Amino acid sequence: LVIVAALAIARNAITSARYAVVWSSHRTLWERLVEVSPNEPRGYQLLGIDASQRGDTARALPLLSRAFAMEPGARRTRFEYGQLLYATRRYPQAAHVLAPLIANEDVRREPQFVAMYLDAVGRAHGPDAVIAEGRPLLRSESAATAALFVGAAHAQEGHLAEADSVYVAGLRAAPRDSLLLAARAAVERRLAPR
């Protein structure tokens, strides 16, 4: 009986030690989650975010890609994956992944996100695509940011009057925006008769 009790205690001690290792850090916990539940996207998402935050994009990309493929409706995964695609200069993929998020009002309130999205669209598909994607945003919470990109796209195509009117619309939303003021001044100088 003593030997059986000793074996049970030893087995429980070993099991407890293994679980203690799993709980020793977030990363080991998420790795264990992936190991135990390979069809659960959350472990891949959390490991991918962790790798991305540590600057390990080579590890983060496949993890977030897998999490996204398993659960494309998860906003956090879509955002993190799209942002990583953008940061690694995969602009067509980034624009595609981020596009559905722009429909959300809360997301449109984030100028950095709108700028990242429109920049990805421009780098992937050119100025016409920026105009098409950005024009509806001129009547939204992100009017000032959208005006910068749509105006610049018009200016790049040589449509200076359109660029000026877009900048004016953006300035109605944000009258003191220094970037919009500078962009409009540059267009006005080009429009002025010589």
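Tutor: Helices here are DSSP runs of H or I with at least four residues, strands are E runs of at least two, and both are numbered from the N terminus. Keep in mind that this is a predicted model, where local features need pLDDT of at least 70, side-chain atom pairs count only at pLDDT 80 or more, and totals for chains, interfaces and linings use all residues. Residues are numbered from 1 along each chain as its sequence is written, and side-chain values use heavy atoms, with hydrogens and water left out.

Student: Is Glu105 buried, exposed or partly exposed?

Tutor: Buried means under 20% relative accessible area, exposed means over 50%, and partly exposed is in between, using a 1.4 Å probe and protein chains only. Glu105 has 39%, so it goes down as partly exposed.

Student: What about Glu80, buried or exposed?

Tutor: Glu80 sits in helix 5 and has 12% relative accessibility, so it counts as buried. For its surroundings, take contact as heavy atoms within 4.5 Å. Setting aside neighbours within four places in sequence, Glu80 is in contact with Ile49 and Leu64.

Student: And which residues does Ala51 touch, beyond those up to four places away in sequence?

Tutor: Those are Asp56, Arg59 and Ala60. Ala51 belongs to helix 3 (residues 41–53), and its relative accessibility is 0%, so it is buried. Ala51 and Leu1 are 50 residues apart in sequence, and their C-alpha atoms are 49 Å apart.

Student: How do I read a whole helix, say helix 6: which of its residues are buried?

Tutor: The general idea first: an α-helix has 3.6 residues a turn, so residues three or four places apart point the same way. In helix 6 (residues 91–98), the buried ones are Tyr91, Ala94, Ala95, Val97 and Leu98. They pack against helix 4 (57–70), helix 5 (75–87) and helix 8 (111–125).

Student: How many aromatic pairs are there?

Tutor: A pair of aromatic rings is described by the distance of the centres and the angle of the planes. Rings of Phe, Tyr and Trp (its six-membered ring) pair if their centres lie within 6.5 Å; planes under 30 degrees apart are stacked, over 60 edge-to-face, and the rest tilted. By this rule the count is 3. For Phe79 and Phe113, the ring centres are 6.0 Å apart and the planes are at 40°, so this pair is tilted. Phe79 is in helix 5 and Phe113 in helix 8, so the pair ties together parts 34 residues apart in sequence. Phe79 is partly exposed at 29% relative accessibility, whereas Phe113 is buried at 5%. Tyr86 and Tyr91 make an edge-to-face pair, 5.5 Å centre to centre with 70° between the planes.

Student: Zooming out, how many helices and strands are in the chain?

Tutor: 12 helices and 0 strands. The radius of gyration, taken over C-alpha atoms, is compared with a globule rule of 2.2 Å times the number of residues to the power 0.38. Here it is 25 Å, well over the 16 Å that the rule gives for 194 residues, so the chain is more spread out than a compact globule. Along the principal axes, the C-alpha atoms fill a box of roughly 105 × 30 × 25 Å, and 38% of the 194 residues are buried.
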